[in-house]
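Hi,

Here is the structure I promised to pass on to you. Have it open while you read, and my notes will follow below.

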There are 2 protein chains.
Amino acid sequence: MATIKDVARLANVSVSTVSRVINQSGYVGKEFYDRVVWAMKELNYQPNAIARGLVSRKTATIGLIVPDVANPFFSDVARGVEDEAIANGYTVILCNTDWNLQREQMYVNLLQGKWVEGIVLVGSRTPEHELVGLLNGLPIILADRKPTHLKSGVWTDNEGGAYLATKHLIEMGCRKIAHISGPEDSPSATARRAGFRQAIEEQVGVYGTVAQGDFRYDGGYEAAIQLLSAEDVPDGIFAANDVMAIAVVQAANRKGIRIPEDVKLVGYDNIPMSEYVYPSITTVEQRGYDMGRMASKILIAQLDGRDDVSLTKEFEPTLLVRHSTRLDTP
Amino acid sequence: MATIKDVARLANVSVSTVSRVINQSGYVGKEFYDRVVWAMKELNYQPNAIARGLVSRKTATIGLIVPDVANPFFSDVARGVEDEAIANGYTVILCNTDWNLQREQMYVNLLQGKWVEGIVLVGSRTPEHELVGLLNGLPIILADRKPTHLKSGVWTDNEGGAYLATKHLIEMGCRKIAHISGPEDSPSATARRAGFRQAIEEQVGVYGTVAQGDFRYDGGYEAAIQLLSAEDVPDGIFAANDVMAIAVVQAANRKGIRIPEDVKLVGYDNIPMSEYVYPSITTVEQRGYDMGRMASKILIAQLDGRDDVSLTKEFEPTLLVRHSTRLDTP
DNA sequence: TTGTACGCGTTATCAC
DNA sequence: GTGATAACGCGTACAA
């Protein structure tokens with residue numbers, strides 16, 4: 001690859017002149033300017049962002065840490081993050097943790113070494129104070145998790161969303177409701193559990209149980225099979241995300257249990273698939289793309305030293321009623 | 001952030017000594033070694049990958065260009081690419097082109113400036129010779145597209161897969177078959193069209209038409225509505241990918257047309273959703289994760305100067321027969 | 001075994 | 001207006 005020196009040599013000027021035309025800084029005569037532009041074209045010159053970063057101490061790069069991009073919710077978030085980033089001249093490094101704490105921390109360190117200017121951390125489970133310790137002051141924004149110490153984050157009201165979902169099951173007549181939860185230590189899973197419990201406790205005559213899931217298809221499937229094999233089969237299930245809700249549908253099919261006739265089902269996230277499965281799944285909408293986009297926007301505003309953007313944004317959850325909780329037209 | 005100098009100063013040694021312990025190169029006395037390690041801990045030192053890259057001319061970063069990570073097929077590919085990359089100490093920059101040629105080229109240039117060591121280009125539509133022109137010799141591997149000039153690539157036999165799909169429709173009794181295609185200039189779309197045509201032409205008494213789609217839900221939906229609104233409704237539809245096939249299912253629902261009774265349907269990709277929609281969609285399997293993983297592997301082998309890996313890999317397409325083409329148990 | 005000096009590609013600060 | 005030069009943080013010959 002051609003360097004600034006090559007361009008200077010070919011254009012018969014000094015590197016500083018070339019630098020000036022590249023960055024539109026300082027004055028440069030028309031004649032020289034043209035020569036330089038010509039030489040850059042000729043050599044197919046691309047300024048080296050590495051060297052540039054070394055001196056400016058800016059890399060125009062942010063890190064994106066997600067549990068798993070192959071999960072539709074997170075791929076939506078990722079898309080949002082990248083769209084907003086590139087629109088602002090930033091580039092995104094993608095990292096998958098598989099919900100693994102160690103990998104999360106490993107990536108935080110690795111990204112620091114790469115001099116990313118900030119990190120969008122999605123669905124994290126690491127305690128915040130530990131994060132702060134790792135961070136060395138590197139800007140970070142939590143997505144899909146409400147920050148307690150950290151100053152910036154975007155999230156939906158998970159407790160409220162779960163409350164909505166559970167309440168809906170109760171209204172549809174369910175009395176023995178099971179919640180297939182996310183990982184024990186996941187903040188969003190915890191909030192959804194809390195919302196579930198609150199709705200249950202508010203209502204006399206309704207019983208709730210919590211089954212451990214892990215936000216993944218297999219874990220959800222296993223939990224569902226257990227629930228549906230018990231002697232006391234629930235009449236309503238609230239899965240902590242749509243991926244597990246879809247697993248519930250498959251498990252029900254397998255066990256010959258009908259949804260919504262025998263068991264009603266609510267999911268969480270509103271991934272596209274939730275609408276197209278059979279029966280379509282009642283779910284709590286979480287706008288992944290918008291969350292990602294907003295996270296990116298807030299982070300970049302911080303990096304650029306702008307303070308015209310609020311550091312936090314709570315998204316309102318919305319219940320989308322579909323056929324997994326309705327008896328009419330499937 | 002602490003630099004190597006800070007560490008050297010604190011440990012009371014020279015920077016080269018620190019460098020040596022970091023890179024395990026050259027000899028360094030036990031005493032000094034311990035002092036350096038201690039100082040690094042103390043300062044929470046992270047070697048600066050930027051500076052390091054500048055001198056070594058290596059960034060341990062690869063670029064990943066996909067049409068859209070939010071598309072389940074590509075998010076699978078992306079996941080595969082990242083998994084293999086990180087396992088080899090590489091990091092991935094994610095770029096979404098939205099199937100836009102200009103953005104594809106813009107990203108190729110941008111990534112070059114960032115000194116990525118290579119690029120995984122997925123589902124590209126740019127003519128290969130143009131790519132070569134942009135590349136300046138930067139290693140690249142095509143995924144989901146068979147290279148003609150470029151030397152490395154992973155792909156599935158799209159023509160064969162489309163042939164399989166169409167043949168299956170014919171065998172199931174379809175005589176008026178429509179193909180909802182991908183973008184005109186997409187190599188994989190073109191190959192699938194060719195496979196479709198071949199199967200049609202081989203069989204007397206079978207008529208085929210091609211409707212223009214764009215690999216996206218909306219485009220597929222529109223094409224499907226048109227097909228299903230014509231006076232001469234086809235009895236079989238082969239959609240060039242599953243996302244559009246799912247759109248066909250929705251369009252059919254909307255028009256009150258039954259699948260598979262009135263129209264049989266085959267998709268392409270085998271994204272998870274294709275199995276869970278109703279009816280489940282017969283599709284041609286394309287192993288996105290494995291393709292991504294393999295692409296990453298081949299690229300990195302090149303970068304590391306290893307030649308123990310073949311530069312190309314063709315994946316065999318497999319037909320998965322499900323309920324969108326079968327009349328028995330839905 | 002350790003330290004010095006140079007270079008990687010760029011930008012910024014000076015002289016000219 | 002333009003050009004030389006010192007940083008930026010690190011690796012690596014080479015000298016000590």
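Around DNA strand C there are 27 residues, the closest being Ile4(A), Asn48(A), Ala51(A), Ser16(B) and Gly29(B); a residue counts as near a molecule or strand if its C-beta atom, placed from the backbone, lies within 6 Å of it. Two or more residues each come from helix 2 (15–23) and helix 4 (49–56) of chain A and from helix 2 (15–23) and helix 4 (49–56) of chain B. Helices (H or I, at least four residues) and strands (E, at least two) are DSSP runs, numbered from the N terminus. This surface near DNA strand C has 14 nonpolar, 12 polar and 1 charged residues. Here Ala, Val, Leu, Ile, Met, Phe, Trp, Tyr, Cys and Pro are nonpolar, Asp, Glu, Lys and Arg are charged, and the others, Gly among them, are polar.

Before you go on, please note that this is a predicted model: local features need pLDDT of at least 70, side-chain atom pairs count only at pLDDT 80 or more, and totals for chains, interfaces and linings use all residues. Residues are numbered from 1 along each chain as its sequence is written, while chains are lettered from A and ligands numbered from 1 in the order in which they are written.

Now for the other DNA strand. DNA strand D also has 27 residues around it, and Ser14(A), Ser16(A), Gly29(A), Ile4(B) and Ala51(B) come nearest. Helix 4 of chain B gives the most to this surface, with 5 residues. The surface near DNA strand D divides into 13 nonpolar, 12 polar and 2 charged residues.

How do the two protein chains relate?

Where the chains meet, 37 residues of chain A are in contact with 37 residues of chain B; contact means that the C-beta atoms of two residues, placed from the backbone, lie within 7 Å. Helix 5 (72–87) of chain A is one of the elements that give two or more residues to this side of chain A, and helix 5 of chain A gives the most, with 6 residues. The copies meet through the same surface, because 100% of the interface residues of chain A are also interface residues in chain B.

An open sheet with mixed pairing has 12 strands, in the order 11(A)-5(A)-4(A)-3(A)-1(A)-2(A)-2(B)-1(B)-3(B)-4(B)-5(B)-11(B). Two strands pair if DSSP finds at least two bridges between them. Strand 11 (312–315) of chain A and strand 11 (312–315) of chain B stand at the edges, each with a single partner strand, so one side of each has no neighbour in the sheet. Strand 2 of chain A and strand 2 (residues 91–96) of chain B run antiparallel and are joined by 3 bridges. Leu94(A) stands opposite Val92(B) there.

Chain B also has an open sheet of 6 strands, with mixed pairing and the order 7-6-8-9-10-12. Its strand 9 (residues 264–269) and strand 10 (residues 282–285) run parallel, with 4 bridges between them. In strand 10 of chain B, Val284(B) is opposite Tyr268(B).

Happy exploring!
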